[in-house]
Amino acid sequence: IKVVKEYGKDLSPIRGDKEQLSQAFLNIVINSLQAMKEEGQLTVGTENGRIEISDTGPGVTPEDQEKIFELYFTTKEEGSGLGLPISQRIIQEHRGWIDVESEPGKGAKFSISLPLEGEEKEYDWENPHR
């Protein structure tokens, strides 16, 4: 698996707990690696307050996209269904949001937005992508 890093320049710090956010990102990366099995490309990109993690795995069906953040939902034989819901909870507790875009056969892209240090961004449950 090839790993591509597309880090922005002059990034502002985000507000949050380093250990918790590391766990959230790790859960997403592990899912991507497991989806690709033995070959593919994992891309991690950053901009101010935004992180994108994408893979070239089999993608997520539209039906499953609606469920992947539900506790215990998994498509893996040995999966627990905890990784993505935990990641979502951590990100939301940090006043951010997470979303997935995917097309079966073309991989998946997880987009995460977090407030920058000093921002007082409130999570909008009705419109999470603001």
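Q: What stands opposite Lys2 in S2?
A: Gln41 in S2 stands opposite Lys2. This is a predicted model, where local features need pLDDT of at least 70, side-chain atom pairs count only at pLDDT 80 or more, and totals for chains, interfaces and linings use all residues. Residues are numbered from 1 along each chain as its sequence is written, and side-chain values use heavy atoms, leaving out hydrogens and water.

Q: Why are strand S1 (residues 2-7) and S2 said to pair?
A: Pairing requires that DSSP finds at least two bridges between two strands. S1 and S2 are joined by 6 bridges, so they pair. The two strands run parallel.

Q: Why is Asn27 called buried?
A: Buried means under 20% relative accessible area (exposed is over 50%, partly exposed in between, with a 1.4 Å probe and protein chains only). Asn27 has 11%, so it is buried. Its place is in helix H1.

Q: What makes the link between the side chains of Asn27 and Gln23 a polar contact?
A: A polar contact is a pair of N or O atoms within 3.5 Å; within protein, one must be able to donate a hydrogen and the other to accept it, and residues adjacent in sequence count only if both atoms are side-chain atoms. The Asn27–Gln23 contact is 2.7 Å, so it is within that limit.

Q: Which residues does Asn27 touch, not counting residues up to four places away in sequence?
A: Asn27 touches Gly83, Ile86 and Ser87, where contact means heavy atoms within 4.5 Å.

Conventions
Helices (H or I, at least four residues) and strands (E, at least two) are DSSP runs, numbered from the N terminus.
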